[in-house]
Structure formats: structure tokens, C-alpha cells
Amino acid sequence: MKYIRCLFVWLLLLSLALPACAETAEPVPAQTLYSFYDGSVFVGDSITRQLRTYIQEQKEKDQPVPDITFLTAQSYMLYTASRKFLLDSKANIMYKGEKQPLCRIIGKIKPEKMFILLGVNDYAGEEIEKHIGYCERILTLMEEFSPDTAVYFFSLTPLTRSFSSSRRRDLRTCWDEYNAALEKMCQEKGAFYIDIATPLKDAEGYLPKEYSNDKQYHLSDKGLQIWLDTLLAYAKGQYDQGLWTPQMP
């Protein structure tokens with residue numbers, strides 16, 4: 001009886017202690033979670049350029065933001081990013097005052113992580129196999145020029161209803177199919193996939209008007225903040241799963 005009573009008391013004390021520990025555990029600050037992206041490179045077209053501008057604006061307001069190097073060009077294409085040599089007939093990224101192929105720029109920077117959002121200017125969903133092939137070629141080039149760089153692909157952002165239906169085939173379906181194929185490719189090839197499309201969609205799968213600034217696919221400040229929130233959630237997921245440990249301040 002004495003043993004049972006002691007066991008009961010011990011269990012009671014333990015039950016009281018556990019909630020107290022949970023309550024005193026401090027959440028990881030946003031700036032600490034954003035350090036997951038410190039020193040990384042974000043590659044993209046005008047949409048990614050929007051994110052660069054938005055992050056700079058938030059930084060000037062003393063808001064927590066990631067420290068990112070951006071490599072962007074207006075109308076930059078997945079096709080161009082997958083080439084080993086410069087294509088003068090296409091939009092190219094400027095690096096240190098001259099246009100250079102992406103693989104050679106990354107070979108010089110050698111970042112720990114590279115994040116890519118491309119495919120809009122290729123209309124990637126209309127020829128999925130070909131455009132997934134471009135993504136695979138980028139991974140092959142990274143193995144050659146910067147093998148220690150982890151490659152992350154963002155899903156294509158969603159489209160507004162009006163823009164999606166302006167084509168012969170509903171682009172929403174095309175882009176959803178492309179995103180699914182991109183996620184599968186990443187799983188098979190050892191790359192990483194981050195879904196930024198789903199948080200930006202309305203109940204019917206389109207980009208809502210309040211998240212768009214051009215009634216097509218470019219993002220408003222509200223949409224860009226959701227992208228940032230998604231980056232934060234992804235970093236927290238990596239932390240919660242024990243896949244990444246930030247340096248606590």
C-alpha cells in the first residue's frame with residue numbers, strides 16, 4: 001500500500017510538472033527561423049523580384065525577414081536556367097556587371113541552398129514532360145558546378161480565374177499538374193519541393209483578387225506576405241522534425 005501511495009504521488013507530481021514545462025517553453029522567434037535561409041540564393045523572374053522588393057521594404061520597417069541573395073531577371077525562363085552556356089536571345093541574369101549562365105554563377109557563389117521559382121514564362125504546365133526535363137537538367141548542372149548546394153523548387157504560384165480561362169485550356173489545371181510532377185521529380189532526384197501555391201489559392205483553386213496586383217499571377221503585398229509566411233512555416237517544420245537546428249540568440 002505504501003508503495004502504491006508513493007507511486008501515485010510521483011505520478012501526480014509528474015503530471016503537474018509537464019504542463020508547467022510546456023507553458024514555459026518559448027517559441028522560436030521568427031528571425032531565428034528565417035535564419036534557415038541565410039546565405040541562400042533565390043532564383044526567379046519578375047515574381048521573385050517582387051519578393052526581393054517586399055523583403056527590403058519589410059526590413060526597412062524593422063520586421064523580421066530572411067537574408068537572401070536574389071538572382072532574377074525579367075521574363076527569365078526555366079529553359080534558360082537549364083542551359084550551360086549563355087543564350088543571347090533570351091533574358092539572362094546579371095552577375096557582377098555581366099550576363100552569365102545560372103550554373104556558372106552558382107558555381108562561383110556556391111551557396112548552401114538554392115531556391116528556384118521559374119516556369120511561368122515557359123508556360124510550363126502546357127508541356128510538362130519537357131519542362132520537368134529542364135528542372136532535371138538544372139540538378140545535373142548543379143552536380144557539376146556546385147555539388148554541395150541543396151536545390152529547392154517552389155511550386156508555380158496560382159493564377160486568377162480570369163487569366164486562367166483566357167487560354168485555350170484552363171491554365172489552373174495545367175499548372176496544378178505541373179506542380180504535382182515537379183514534387184514527384186524532387187522526391188525522385190533528391191531535391192526539395194516547397195508548395196507556395198496552396199496557401200495562395202481560394203476555395204476553387206485560383207489566386208484571389210486581393211493576392212494579385214495585375215489580375216494574372218503577380219502578387220500583391222498580401223500575396224507576398226503569404227509567401228514569406230510559408231517560408232517561415234517551412235523552416236519551422238524543418239526545426240520541429242529535427243532536420244535543422246538554428247543558432248539560438
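Which helix is the place of Q58? Q58 sits in helix α3, which covers residues 46–60. Keep in mind while browsing these views that the model is a predicted one.

**View 1. The whole chain, before zooming in.**
Here's the overall picture: the chain has nine helices and seven strands. The chain is 249 residues long, and 45% of those residues are buried. Take the contacts between residues at least 6 apart in sequence, and 73% of them join residues at least 24 apart.

Q58 belongs to helix α3, while V65 is found in the loop between α3 and β2 (68–72). Is Q58 buried or exposed? Q58 has a relative accessibility of 10%, so it counts as buried, the cut-off being under 20%. V65 is buried too, because its relative accessible area is 8% and the cut-off is under 20%. Setting aside residues up to four places away in sequence, Q58 touches Q63, V65 and Q225. With neighbours within four places again left out, V65 is in contact with Q31, Y34, I55, Q58 and K59.

**View 2. F36 and its ring partners.**
A search of the whole structure turns up 17 aromatic pairs. One of them is F36 with Y37, an edge-to-face pair with 5.0 Å between centres and 85° between planes. F36 and Y37 are both buried. F36 also pairs with Y152: the centres are 6.3 Å apart and the planes stand at 90°, so this pair is edge-to-face. Why does the pair tie together parts that are 116 residues apart in sequence? F36 lies in the loop between α2 (30–34) and β1 (40–44), whereas Y152 lies in strand β6 (residues 150–154), so the pair bridges that stretch of sequence. F36 has a relative accessibility of 3% and counts as buried, and Y152 is buried with a relative accessible area of 5%.

Ring pairs join up into a cluster whose members include F36, Y37, F42, F70 and F115. Also among them are Y152, F154, F192, W227, Y234 and W244. What sits over the ring of F36? The charged end of K113 does, 4.3 Å from the ring's centre.

**View 3. The largest nonpolar core.**
This core holds 71 residues, and the ones that touch the most other members are Y37, V43, F153 and W227. Helix α6 (residues 128–145) supplies the largest share of the core, with eight residues. As background, nonpolar side chains tend to be buried together in soluble globular proteins. Zoom in on W227 and, leaving out residues up to four places away in sequence, you'll find that it touches I47, T48, L51, L117, F154, I196 and L219.

**View 4. Strand β6 and the strands on which it pairs.**
Four of the five residues in β6 are buried, so this strand is mostly covered. Strand β5 (residues 113–117) pairs with β6 in the parallel sense, over four bridges. In this pairing, M114 stands opposite V151 of β6. To get from β5 to β6 the chain passes through α6, and this β-α-β crossover is right-handed. β6 also runs parallel to strand β7 (residues 192–194), joined by three bridges. Here F153 stands opposite Y193 in β7.

Most residues other than glycine have a negative phi. K96 has a positive one, near 55°, and Y123 has a positive one as well, near 50°. Where does K96 lie? K96 is in the loop between β3 (93–95) and β4 (98–100). Y123, in turn, belongs to the loop between β5 and α6. K96 is exposed, with a relative accessible area of 73%, whereas Y123 counts as partly exposed at 25% relative accessibility.

Notes
Residues numbered from 1 in each chain as written. Predicted model: local features only at pLDDT ≥ 70, side-chain atom pairs only at ≥ 80, totals over all residues. Heavy atoms only, no water. Phe/Tyr/Trp six-rings, centres within 6.5 Å; stacked < 30°, edge-to-face > 60°. Buried < 20%, exposed > 50% of the residue type's maximum accessible area, 1.4 Å probe, protein only. Helix = DSSP H or I, 4+ residues; strand = E, 2+ residues; numbered from the N terminus. Lys NZ or Arg CZ within 6 Å of the ring centre and 35° of its normal. Core = buried A, V, L, I, M, F, W, Y, C linked by side-chain atoms within 4.5 Å. Contact = heavy atoms within 4.5 Å. Pairing = 2+ DSSP bridges. Right-handed = clockwise from strand over helix to strand, strands pointing away.
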